[in-house]
Amino acid sequence: MKKYYLLRNVTTFLVFFFTVFLLDGQSVVNKRAEWFVDARYGMFIHWGLYSGAEGVWKGESLRNDNNYAEWIQYRNSIGHEEYLGLIDRFKWDEIDPEKWVLLAKDAGMKYVVLTAKHHDGFALWDSKASSYNVARHTSPSRDILRELADACQKHGLRLGLYYSHWIDWDHEYGWNHRMEITGIRPEDYDLYWQNKVIPQMRELLTNYGPVDLIWFDMWIHHSGTVVSREQLIQLKSLIRELQPSCLINSRLGLSLKEDSDVDIHEMGDNQIGSQLQDFPWQSPATVSHSWGFHRRDTEWKSTTSLLRSLINNVSLNGNYLLNIGPRANGEVPYEIAVRLREMGKWMEVNWESVYGCKAFELPEGYHDWGRITCRETAGGTRLYLHLFNYPLDNKLYFSGVTSKPDRVYLLADKQKRPLDYTHKGALATISLPASAPDPYVSVIVLEYDGKPGIHEGLVAKNMDGGYSLTPWNRDNSGIVLKTVNKQRRGTVPAYASITEPTVLKWKIYIDEPGPKNFDISYSFQGETGKGIIRVKADGETLSHSVTPTGKTVAEPNSDWVIDDFRSHRAGIINFNNSGYYDIEVEINPQNREEIKFQWLWICRGG
Ligand code: GLC
């Protein structure tokens with residue numbers, strides 16, 4: 001018999017491993033997923049009996065700091081009858097799913113995913129397979145899914161359904177984490193599967209018109225729990241049979257090896273993209289923290305940060321599924337609705353940089369001012385530069401592209417009046433209006449004839465007009481460096497640990513000739529201090545004698561002493577011409593005394 005002792009932090013690792021590594025090999029956008037990739041932005045709706053509890057049960061808050069209000073039945077050990085009694089708190093005459101769809105539309109979202117059945121096992125439709133459903137317990141009887149599906153049809157949004165296949169706290173044999181103590185026989189679990197999961201999935205895919213996406217929620221691989229591979233294949237085959245164009249997300253629980261046919265790689269909860277993926281993927285995300293409405297949850301993310309997450313994902317080929325948790329009267333909490341409407345206003349102006357857009361071929365996070373999305377048009381390519389931070393000097397440095405843009409304008413400007421810019425080598429410098437045209441994120445469009453050329457391996461010019469050369473953006477990545485991640489809550493920065501003579505190389509494009517300062521940051525705790533760092537550029541060499549950097553107190557009154565990292569002026573080099581330059585740093589420790597190299601900063605000087 002299998003054991004079911006699963007730790008949540010172990011599962012976090014598994015989700016990461018399972019999603020990132022096992023699905024990473026697939027790079028073809030599945031034909032079925034074309035609409036999804038085009039849509040980029042959808043609405044998640046967590047609504048069910050738990051919405052009536054609002055994260056509080058008999059005066060006590062949810063027994064878990066994660067505040068997932070939809071888990072209250074399990075977390076606070078609520079009996080079945082009492083939990084079902086929550087239905088009396090609902091204001092059925094006020095509940096109108098069409099309003100959720102209208103809000104999604106206002107927000108610029110293209111699809112909606114409703115929790116048709118969450119872990120509590122309660123169905124939001126008129127299910128014949130289980131009487132534990134909304135239609136049975138309302139009078140006049142309501143079928144929330146039918147109402148939502150009709151509204152989606154009416155307003156032209158795609159429909160997705162969240163279905164908790166693995167966990168079901170209602171069915172005697174459905175998975176419930178207490179079974180980690182008691183265990184469950186696989187043949188009993190199969191009774192739940194054959195009598196509830198399969199028939200309910202059949203209902204969902206037969207009675208509600210086209211279903212565009214089934215959102216499963218098993219965040220671990222099936223080998224870690226009771227569900228068998230056969231059961232998952234059976235479920236997946238049923239979907240393929242009944243609605244061949246319906247998408248399936250990766251939380252179904254199969255690995256790619258077992259099934260190369262999953263359509264969407266689902267990230268972890270609130271896990272925003274950090275690397276480019278070719279395979280369709282999406283981040284499920286909340287506005288506050290809980291998914292279901294929680295009256296004591298107040299960690300509202302700002303409209304700016306939500307928009308940045310959406311744009312960030314699109315810039316890495318991903319989607320963003322943003323959640324609303326309506327209350328028991330159907331109302332969407334004000335703080336959520338207001339942000340969604342603000343995002344919608346932004347989308348009204350800037351939709352072109354989101355729908356149907358994808359990643360551009362520069363490295364992730366290449367420019368410190370924001371993110372780039374890309375659209376291929378009949379005549380060429382359009383790049384959308386999203387300014388998360390507006391440059392103080394109103395100059396935007398766009399590095400890495402060697403082609404000259406044909407047109408440069410603000411996306412918000414209907415007349416597409418050209419912005420002044422210069423283009424040299426691999427750098428366009430764009431003159432921006434004195435103040436940001438958009439309070440959240442301003443978008444600049446660059447139009448190119450054909451595909452713009454890229455100069456690979458170049459360090460971008462920073463917003464401050466300098467170049468930050470680090471162990472991570474160097475050009476000779478063939479040389480193996482021992483890098484150390486940031487530690488102690490970021491008070492110790494990331495660095496490369498160097499004990500042997502080492503040469504690091506970068507490439508930059510200098511558009512403004514003249515004297516440049518070279519500052520180098522490192523930590524040195526050795527005794528002798530006889531190490532030498534040489535910086536070479538444009539035929540000149542600067543020599544710097546390594547000096548001890550001492551210690552610092554990282555956090556007041558916390559007995560928190562760490563090695564200090566300090567910036568030292570290595571010298572000045574005069575560049576007579578604009579052009580591409582190789583920058584070399586030669587680090588020579590003495591007696592293998594470690595030099596913790598952090599960065600080299602080059603900026604206008606003299
Ligand atoms: C988690 C939670 C669940 C929530 C989901 C959303 O798996 O169990 O409550 O619905 O994530 O991503």
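A crossing of two helices is right-handed if the near helix is turned clockwise from the far one by less than a right angle, and left-handed if anticlockwise. Helices here are DSSP runs (H or I, at least four residues), numbered from the N terminus. The model is predicted, so local features need pLDDT of at least 70 and side-chain atom pairs count only at pLDDT 80 or more, while totals for chains, interfaces and linings use all residues. Residues are numbered from 1 along each chain as its sequence is written, and side-chain values use heavy atoms, with hydrogens and water left out.

Helix 10 (residues 303-314) packs against helix 11 (residues 334-350) at an angle of about 55 degrees, and their axes are 9 Å apart. Axes are lines fitted to C-alpha atoms over the stretch in contact, and angles run from 0 to 180 degrees between N-to-C directions. The crossing of these two helices is right-handed. Their contact (heavy atoms within 4.5 Å) includes Leu-306 and Leu-310 of helix 10 and Met-343 and Trp-346 of helix 11.

Helix 5 (residues 97-107) and helix 6 (residues 144-155) pack at about 35 degrees, with axes 8 Å apart. This crossing, too, is right-handed. Among the residues in contact are Trp-100 of helix 5 and Cys-152 of helix 6.

A disulfide is a pair of cysteine sulfur atoms within 2.5 Å, and the count by this rule is zero. Cys-152 is in none, as the nearest cysteine sulfur, that of Cys-246, is 13 Å away.
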